[in-house]
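Subject: Structure handover

Hello,

Please find the structure below. My notes on what was found in it follow.

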Amino acid sequence: GVQTCALPILAHKIQVFVDNGSVELFVDGGRVAMTNLVFPNEPYNSLRFYSKGGEMKISNFTIYKLGL
């Protein structure tokens, strides 16, 4: 499913954690937190961000492999 969250127009630190059964998103150290349980038929191979009715800029993006 799709979850949305309205944020003021500022710089934000967003962390996304993905494992075999969940996707978790944290904004600014937990000011906003979202969790989704997922049951994928195939491994994840993409991640999308979008801005509804405006623009956004991602200035830094790092992927870390979780030690599971």
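Isoleucine 63 is exposed, with a relative accessible area of 72%. Here buried means under 20% relative accessible area, exposed over 50%, and partly exposed in between, with a 1.4 Å probe and protein chains only. Isoleucine 63 sits in the segment after β3, the strand of residues 32-37.

Before the rest, a word on the source. This is a predicted model, in which local features need pLDDT of at least 70 and side-chain atom pairs count only at pLDDT 80 or more, while totals for chains, interfaces and linings use all residues. Residues are numbered from 1 along each chain as its sequence is written, and side-chain values use heavy atoms, with hydrogens and water left out.

Overall layout

The protein chain has zero helices and three strands, in the order β-β-β from the N terminus. Helices (H or I, at least four residues) and strands (E, at least two) are DSSP runs, numbered from the N terminus. Along the principal axes, the C-alpha atoms fill a box of roughly 35 × 25 × 20 Å. Of the 68 residues in the protein chain, 7% are buried. The accessible surface of the chain is about 6,500 Å², and carbon and sulfur atoms hold 54% of that; such areas come from the Shrake-Rupley method with a 1.4 Å probe, and for residues only the protein chains shown count as cover. Among contacts (heavy atoms within 4.5 Å) with a separation of 6 or more, 27% are between residues 24 or more positions apart.

The nonpolar patch

Isoleucine 63 also belongs to a nonpolar surface patch of about 700 Å², together with Ile14, Leu47, Phe49, Met56, Ile58 and Phe61. Patches are made of residues with over 30% relative accessible area and no salt bridge; like charges are joined within 9 Å, and nonpolar side chains (Val, Leu, Ile, Met, Phe, Trp, Tyr) within 5 Å.

Serine 22 is in strand β2, which covers residues 22-27. Serine 22 is buried, at a relative accessible area of 13%. Beyond its neighbours within four places in sequence, serine 22 contacts Phe17, Asn36, Leu37 and Val38.

How many aromatic pairs does a search of the whole structure find? There is one. Phenylalanine 17 and phenylalanine 26 form this pair, which is edge-to-face, with 6.0 Å centre to centre and 70° between the planes. Rings of Phe, Tyr and Trp (its six-membered ring) pair if their centres lie within 6.5 Å; planes under 30 degrees apart count as stacked, over 60 as edge-to-face and the rest as tilted.

Aspartate 28 lies in the loop between β2 and β3 and is partly exposed, at 31%. Its phi is near 50°, a positive value in a residue other than glycine. Most residues other than glycine have a negative phi.

The structure holds one salt bridge, meaning a side-chain nitrogen of Lys or Arg within 4 Å of a carboxyl oxygen of Asp or Glu. The side chains of aspartate 28 and arginine 31 form this bridge, at 3.3 Å from N to O.

After β3

Glutamate 42 is in the segment after β3 and is exposed, with a relative accessible area of 59%.

Regards
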